[in-house]
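Okay, thanks for coming, everyone. Have a look at it first.

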Amino acid sequence: MYSRFLLGIIASFQLASAFPFPGVLVERQEDLKNSYDYVVVGGGTEGLAVANRLSENKHKSVLVVEAGVLFNETQDDIMIPGNSAILGFKYQWNFLSQPIKSLKDSGTFIIPAAKAVGGDSAINSMSFDRGSKADYDMWEAMGNKGWGWDGMLPYFKKSETFHPPSKKQVKEFGIGYDSEAHGADGPIQVKFASFIYPQYKTIVDAWKKVGVPVPKDATNGEGVGSLWIASPIDPKTETRSYARTGYYDKAAKRSNYHLIVGQQVTKILFDKSKQAIGVTFSKDASSPSTKISVKKEVILAAGPFNNPKLLQLSGIGPKSLLEKHKIPVLVDLPGVGSNLQDHALVRPLNYTTELHPPGPYIDPTPALTNTTYQAELLAEYKSKHTGYYTRPLSGSTVAYIPLPIMAPDMYKSIIHASRSSKSEDYLPYSAPAVMAGLKKQKKIILDGLMTKEVGAGEVSLRPGIAPGPALVTRKPLSRGYIEIASANAFEDPKIYYNTLSNPTDVSILTQNIKFSRAFFESKGMASFKPVETYPGKDITSDEALAEIAKGRIVNPSVGHASCTCPMMDREIGGVVDEELKVYGVKGLRVVDLSIMPIIPCTHMVNTRYAIAEKAADLIKSSK
């Protein structure tokens, strides 16, 4: 693509002023228009989806400003599903958290945050599931009409083209699906991985034996239990389907759509009536700044860290913080940067296992460690589009465990203790509005956790079973926050996670450790011959297990940071209303995971697309 683009520039350089310049602008600011109807800040998953939909109207001009890179359309480390395991923190912002005092040794962590065209959808581990009906109904319960499950389902479907499991997958693994839950002509291609390790069937059957449900289709609102997970893969090429291939490649052909990369938006501009009238952006602190005017709206899709940062830099946020950094206060909005939620990854248990008969298992170790074998597998993929490299990092199954199943004898007492506690004792805020919102969230979350309709924690197993389960907190009550470090737009924000600061989260995680240990000792898992090597079966008390968990946090984030510009009433700490408009100003919306009031129990990319599709309709219908 780059070669075609550069040749096009050379051929038409002298005619650039006479003809509209469509599609991507790679650091060619001279080709930008002075103004656009819409400027989308952030060319990630949601930004590309919204921009594509808005540019479908040929009479509306759209500019997307992205700080990261545009990948080559055939780039192996992005496009090959089996390579999703090797990216690490490449193509990311590499933000560093503040010390998390609630964890052992008050550790700091590099926090996942994509910095590339396509955002998270370009570099994630490729799970494409949805939360349960109850997860999204919580948003509506927070006062957001039309944002419950029934309001979101049409947009989940609109974003995807779903390919049912093959007859072989149905027969061999029992994978089912509900056609009513899926789209048939959306931009993102979705299928079950062509290569599935046979041991996953044993794992799913083992979950059934300990009372964990296995829904026919986890995307139809029943996303709780042991789930078969589809992935965003194009069946024609066995390559990653993501926001760039699904949304950007279509929009790039339009003369009313521009994307500029390698540029960071530094400020949103307003007139005296607090109408958003433009943005400024620059490559870095030493480069000149460019100003672009906006005729209709500025649309923020820069993610849960950069959205609040940009709002605060532009004078929208907690008054005391803005005054501290000598930023003129446009709107005193204390919820900006509050309510940070994420799913924390913990590995508290280690096991050794055997992947030999009597089970028909395949040991994944050679594919992970033997470079000669890896080369053979990659050659098979490239020549036949088959084998190991058709399988993404995420694997094929996951278990989201409701608290009544995880801890049948303890869940009521855990919820009662949580209801009886004072939220302010564990929260880093003092603003009354923000505290009121968190109090409302807490009631809604605890009501959900009392049922079997909400996942309280995740248990994830890789095909090697060893070194043990990955446990993920899925409905946390702990809250973090985001603050600018200074008035310098190129200084990273301060990110305060506060993971496991709320005792309820610790209690649930402790119960998940016990539940996972019992699962590994269950008859359904016997064929793997698991042997616990850490911390040891003699470590059983809640107090000891809690301390182990606090010291075995792999990362407070699995790339699901969210909720820092929450969609709630302004009086309870909200930043945007149910039309995603920022309170106190005009012509400014937020359209990504930042707007969620409560994080759902799921991997996030499917929800990202649905939010973006719904946001685009809201914007297009606005007068």
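So, strand S11, residues 257-260, is covered on both faces. On one side Tyr257 and Leu259 are buried, and on the other His258 and Ile260 are buried too. By buried I mean under 20% relative accessible area, with exposed over 50% and partly exposed in between, using a 1.4 Å probe and protein chains only. As a reminder, side chains in a regular strand alternate between the two faces of the sheet.

Before I go on: this is a predicted model, where local features need pLDDT of at least 70, side-chain atom pairs count only at pLDDT 80 or more, and totals for chains, interfaces and linings use all residues. Residues are numbered from 1 along each chain as its sequence is written, and side-chain values use heavy atoms, with hydrogens and water left out.

Who does S11 pair with? Strand S3, residues 62-65, in the parallel sense, over four bridges; pairing takes at least two DSSP bridges between the strands. Leu63, for one, has His258 of S11 as its bridge partner.

Zooming out, the protein has 19 helices and 26 strands. Those are DSSP runs numbered from the N terminus: helices are H or I with at least four residues, strands are E with at least two. Of the 623 residues, 61% count as buried. The C-alpha trace spans about 70 × 60 × 45 Å along its principal axes.

A cavity here is a set of points on a 1 Å grid, over the protein atoms alone, where a 1.4 Å probe fits but cannot get out, and lining residues have an atom within 4 Å of a point. Points are joined across faces, edges and corners, and the volume is the space filled by probe spheres set on them.

The largest cavity holds about 160 Å³. It has 20 lining residues, and the closest to its centre are Phe192, Asp217, Ala218, Thr219 and Trp228. Strands S6 (160-162) and S8 (225-228) each supply at least two residues of that lining.

Definitions and conventions
1 Å grid on protein atoms, 1.4 Å probe; cavity = no way out; pocket = protein on both sides within 12 Å on 5 of 7 lines; lining within 4 Å.
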